[in-house]
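The following exercises concern the structure shown below. Each is followed by a worked solution.

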Amino acid sequence: MTDTIFQSSDLAGGKRTEFLDAARSGLARLRDKDGTSLVMLPESRLRLLQTLATWWEAYSRLDALLRRSLAPTANELGELAWLRPFDRADLEEFLSDLHDALVAASADEDEAALADTLRAWRITARQLEDPLRRSVLLGQHVPSDYVEVDEPSGGE
Amino acid sequence: MAASSAYDPFRPAKRPGGKPETAPGYRVLVHRRFVGHYGELVSRVGIQQAKQFWDHVAHAPGQPDPIASTTILKGRAGRPKGPGWSRTFHYEISASGRIDYQYNDTYKATEGSDPHPVVAILTINYSSH
């Protein structure tokens with residue numbers, strides 16, 4: 001947190017550029033006429049903070065649900081209901097992955113690691129929603145299940 | 001198109017659109033429940049994407065594709081199906097076409113047979129996410 005606190009009158013004076021530079025570089029503090037402390041920061045940083053807050057809350061909620069013996073219902077999962085194709089072991093693995101991704105995103109000040117992790121889990125959930133795909137993806141490898149196929153029609 | 005026989009380790013699945021320019025490094029197998037889907041590959045995604053996919057799995061499975069997005073599935077769905085198998089790769093062949101596969105560099109179809117590299121296509125679906 002910066003020690004410099006600008007005054008609202010600075011926005012119309014010579015310190016306006018200095019204020020904007022401080023905001024661009026991370027955060028600028030300003031004392032309003034009524035004493036309210038305001039900050040300006042890059043929108044990307046605000047979005048990151050909002051995303052991290054949202055997902056830390058989701059992490060805490062899922063962590064609490066998994067501490068019970070019962071599997072969480074779709075209703076209890078709420079915004080995380082897309083996780084319902086997963087069994088308990090997978091949900092615990094998701095929770096661990098989410099924790100690691102949140103720590104990485106916080107350290108990097110970049111949500112890329114979090115986005116990549118969530119994307120991979122969402123894709124997996126969608127693949128498991130279909131009973132046939134689920135049975136093959138979660139089943140054992142049986143050599144006789146794999147067959148020779150002819151060349152697809154409609155080619156060159 | 002129907003499956004004609006169980007997997008023969010010496011008869012790989014054929015490349016969509018004709019013969020490859022170089023011999024494939026990996027034999028390409030398809031799970032019997034998705035043979036029909038594989039038969040629709042060209043009509044569903046186009047010959048260009050079908051060739052691109054074939055070249056990917058036949059020569060560099062598991063490597064980043066220059067065009068398509070690949071993701072390793074998470075949880076149990078992403079785990080190798082046995083010793084020698086890779087994790088499950090999810091290949092987005094088009095906006096609505098997705099293929100899951102694993103590969104094995106030293107696959108033996110039967111005990112005592114020679115090890116050879118194979119790609120096993122586990123699932124194919126054409127519904128957009």
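**Exercise 1.** Identify the bridge partner of A:Ile5 and place it in its sheet.

*Solution.* In strand 2 of chain A, A:Arg29 is the bridge partner of A:Ile5; strands here are DSSP runs of E with at least two residues, and helices are runs of H or I with at least four, numbered from the N terminus. The model is predicted: local features need pLDDT of at least 70 and side-chain atom pairs pLDDT 80 or more, while totals for chains, interfaces and linings use all residues. Residues are numbered from 1 along each chain as its sequence is written, and chains are lettered from A and ligands numbered from 1 in the order in which they are written.

Next, strand 1 and strand 2 (residues 28–31) of chain A pair in the parallel sense over three bridges; pairing requires at least two DSSP bridges. Three strands of chain A form an open, mixed sheet in the order 1-2-3. Its edges are strand 1 (5–7) and strand 3 (37–40) of chain A, each pairing on one side only.

**Exercise 2.** State the order of helices and strands in chain A.

*Solution.* Chain A contains six helices and four strands. Along the sequence they follow β-α-β-β-α-α-α-α-α-β.

**Exercise 3.** Compare the radius of gyration of chain A with that of a compact globule.

*Solution.* The radius is taken over C-alpha atoms, and the globule rule is 2.2 Å times the number of residues to the power 0.38. For 156 residues a compact globule would come near 15 Å, but chain A has 25 Å. The C-alpha atoms of chain A fill a box of roughly 80 × 55 × 25 Å along the principal axes.
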